[in-house]
Amino acid sequence: MASQTEENYLKALFFLDVKNPEIAISDLSKKLKVSTPTANSMVKKLAVKGLVKYEKYRPLMLTAKGRKTAALIIRKHRLTEMYLVEEMGFGWEEVHDIAEQMEHLNSPAFFLRMDEILGFPSQDPHGSPIPDKDGNIQRQSYTSLSSFEAGERGVLSALSNSSKDFLDFLNSKNIQLGMEFHVLKMETFDSSIEVEVEEQSLTLSKLVTDRLLMVKV
């Protein structure tokens with residue numbers, strides 16, 4: 001069984017792997033905010049356990065075992081977030097830190113039961129996919145709102161960033177997943193977008209629209 005620190009490394013490697021399966025140790029150390037020697041030392045331990053392919057001066061790669069282990073950690077995190085929102089009434093901006101603690105709980109039966117209670121959801125409260133009990137993950141194809149053109153419509157289906165500050169901002173604008181956006185106007189000067197959402201007109205910056213992932217309708 002991996003330690004909590006090892007699990008945090010595996011999760012970081014998983015997210016880096018999504019962008020590029022050949023991972024630089026410098027990118028890993030930057031993501032975890034640790035020194036390169038510290039990251040290098042931990043990666044060697046993960047390699048001994050068969051979770052990472054490691055060769056000196058070569059990019060890192062998750063093994064199949066490492067990828068599945070990481071996916072199951074993420075499953076616990078995202079199921080917990082969904083349970084906290086759907087069953088306990090927490091706001092989507094409140095659940096990350098609690099889920100960070102719960103993801104290290106080693107009790108498959110507990111999370112299987114949680115999954116069953118929730119009705120086997122495919123996504124967490126922020127629209128991120130929840131891996132199944134075998135670590136398989138179904139990724140969806142989305143389009144950022146920033147790439148829309150005037151006149152187009154889309155349903156907000158996921159977020160590329162779920163930091164508390166960003167979620168608090170969305171709350172202040174009464175923006176939630178499942179809402180339909182109608183793009184009214186594009187500003188050429190700063191790439192901000194005027195949209196109609198639930199009969200309210202909003203002007204959103206490119207920083208915001210880059211993070212709003214849509215399904216066009």
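Phe-111 is buried, at 2% relative accessibility, where buried means under 20% relative accessible area, exposed over 50% and partly exposed in between (1.4 Å probe, protein chains only). Phe-110 counts as partly exposed, at 38%. This is a predicted model, so local features need pLDDT of at least 70, side-chain atom pairs count only at pLDDT 80 or more, and totals for chains, interfaces and linings use all residues. Residues are numbered from 1 along each chain as its sequence is written, and side-chain values use heavy atoms, with hydrogens and water left out.

## The aromatic pairs

You'll find 2 aromatic pairs in the structure. Rings of Phe, Tyr and Trp (its six-membered ring) pair if their centres lie within 6.5 Å; planes under 30 degrees apart are stacked, over 60 edge-to-face, and the rest tilted. Phe-14 and Phe-15 sit edge-to-face, 6.0 Å centre to centre with 85 degrees between the planes. Phe-14 is buried at 5% relative accessible area, while Phe-15 is partly exposed at 30%. Phe-110 and Phe-111 make an edge-to-face pair too, with 5.2 Å between centres and 85 degrees between planes.

## Where α1 crosses α4

Helices (H or I, at least four residues) and strands (E, at least two) are DSSP runs, numbered from the N terminus. Axes are lines fitted to C-alpha atoms, for helices over the stretch in contact, and angles run from 0 to 180 degrees between N-to-C directions. The axes of α1 (residues 4-19) and α4 (residues 64-86) come within 9 Å and cross at roughly 100 degrees.

Contact here means heavy atoms within 4.5 Å. On the α1 side, the residues involved include Leu-10, Phe-14 and Phe-15; on the α4 side, they include Ala-70, Ile-73 and Ile-74.

Ala-2 lies in the segment before α1 and is buried, with a relative accessible area of 18%. Leaving aside neighbours within four places in sequence, Ala-2 touches Glu-7 and Lys-49. Gly-50 is 48 residues away from Ala-2 in sequence, and the C-alpha atoms are 11 Å apart.

## The sheet

Two strands pair if DSSP finds at least two bridges between them. An open sheet is built from 6 strands in the order β3-β8-β4-β5-β6-β7, with antiparallel pairing. β3 (143-144) and β7 (200-204) are the edge strands, each with a single partner, so one side of each has no neighbour in the sheet. Helix α7 (residues 164-172) packs on the sheet and touches β4 (153-159), β7 and β8; its direction makes about 145 degrees with that of β4.
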